[in-house]
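Hi,

Here is the structure I promised to pass on.

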Amino acid sequence: MQNPNFHIVKHPLIQHKLSIIRNKNCGTKEFREVVNELSRLLGFEATRDLPLKNVKIQTPIAMANCKQLTGKKLAIAPILRAGLGMLDGMLDLIPSAKVACIGMYRDPETSIPHEYFVKCPEDINKRRVILIDPMIATGGSCIDAVAALVKRGVPVKNMTFINLVCVPEGIKAVYKKFPDLKIYTAAEDDYLTKNNYIVPGLGDAGDRLFGTK
């Protein structure tokens with residue numbers, strides 16, 4: 001995908017851990033743990049551009065010129081339900097972030113996502129929002145989640161979407177609608193099946209996270 005806002009993070013630890021959760025024999029406990037670890041690692045990469053300010057700190061030895069975060073406060077927005085599997089990892093990284101929950105379900109007949117629940121901090125329009133969901137397949141859930149935040153006053157330029165795997169079809173659909181959205185992923189896979197499963201993918205992330213296969 002030729003978009004400067006699209007980033008595939010090829011760090012060796014990320015690629016190694018992704019191989020673990022791709023394995024069909026990876027159990028629920030291990031799947032959850034590794035998704036949590038991947039979320040932290042991807043979150044680290046996706047927050048490299050957070051602005052800093054200069055501060056003076058008194059250490060036990062002397063005064064030091066240091067850096068601290070400045071600018072907009074952060075919110076983490078998991079897309080329910082699978083996005084919840086990435087939430088703890090992100091909050092480990094940014095414990096002061098507020099959480100905005102975006103509920104989407106996919107119609108089993110049409111594969112079209114539908115919003116059923118959105119609950120955001122009152123000041124969501126003043127925050128930088130990091131959306132999380134394990135996959136971008138058709139792109140529908142991502143598009144609708146971004147649209148739900150836009151409707152609540154969050155500019156697309158203040159959003160970042162973190163996912164584990166995606167496919168060209170989904171990324172193309174997202175960028176056709178929101179070309180300014182920053183996306184960080186561990187892998188761009190090959191294609192979608194006729195049932196909209198990512199190939200090679202990692203199966204249904206929600207079922208594997210919650211043991212509902």
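T185 touches F6, H7, I8, V9, L42, N163, L164, V165 and C166, leaving out residues up to four places away in sequence (contact here means heavy atoms within 4.5 Å). T185 belongs to strand 11; helices (H or I, at least four residues) and strands (E, at least two) are DSSP runs, numbered from the N terminus. At 0% relative accessibility, T185 counts as buried. For that word the cut-off is under 20% relative accessible area, while exposed is over 50% and partly exposed is in between (1.4 Å probe, protein chains only).

Before you go further: this is a predicted model, where local features need pLDDT of at least 70, side-chain atom pairs count only at pLDDT 80 or more, and totals for chains, interfaces and linings use all residues. Residues are numbered from 1 along each chain as its sequence is written, and side-chain values use heavy atoms, with hydrogens and water left out.

How confident is the predictor? The protein averages a pLDDT of 92, and 98% of the residues score at least 70 (pLDDT is the predictor's confidence in each residue, from 0 to 100). Strand 10 has the highest confidence, at 97, and strand 7 (residues 113-119) the lowest, at a mean of 82.

Now the inside. The largest nonpolar core has 35 residues, and I21, I76, I132 and I162 have the most contacts inside it. A nonpolar core is a set of buried Ala, Val, Leu, Ile, Met, Phe, Trp, Tyr and Cys residues joined through side-chain atoms within 4.5 Å. Among the elements that give two or more residues to this core are helix 1 (12-22), strand 4 (73-80), strand 8 (127-132) and helix 6 (205-210). Helix 2 gives the largest share, six residues. There is also a second, separate core of 30 residues, which includes F6, V118, C120 and V174.

Not counting residues up to four places away in sequence, I132 touches I76, A77, P78, I79, G83, M86, L87, M90 and I162. M86 sits in the loop between strand 4 and helix 3, and M86 is buried, with a relative accessible area of 0%.

In helix 1, I14, K17, L18 and I21 are buried. They cover an arc of only 110 degrees around the axis, so they are on the same side of helix 1 (the arc is that of the directions from the helix axis to the C-beta atoms). Helix 2, strand 10, strand 11 and helix 6 are among what covers these residues of helix 1.

In helix 5 (residues 168-177), the buried residues are G170, I171, V174 and Y175. They fall within an arc of 125 degrees seen down the axis, so they line one face of helix 5. They pack against strand 1 (6-8), strand 9 (135-136), helix 4 (140-151), strand 10 and strand 11. The face turned away from the buried side of helix 5 carries the exposed residues K172, K176 and K177.

Most residues other than glycine have a negative phi, and most peptide bonds are trans. The peptide bond from L80 to R81 is cis, with omega near 0 degrees, and R81 is in the loop between strand 4 and helix 3. V199 and P200 are also joined by a cis peptide bond, with omega about 0 degrees. N196 is not a glycine, yet has a positive phi of about 65 degrees. N196 lies in the loop between strand 12 (191-192) and strand 13, and is buried, with a relative accessible area of 18%.

Last, C26, in the loop between helix 1 and helix 2. C26 is buried, with a relative accessible area of 5%. Leaving aside neighbours within four places in sequence, C26 is in contact with I20, I21, F31 and R208.

Cheers
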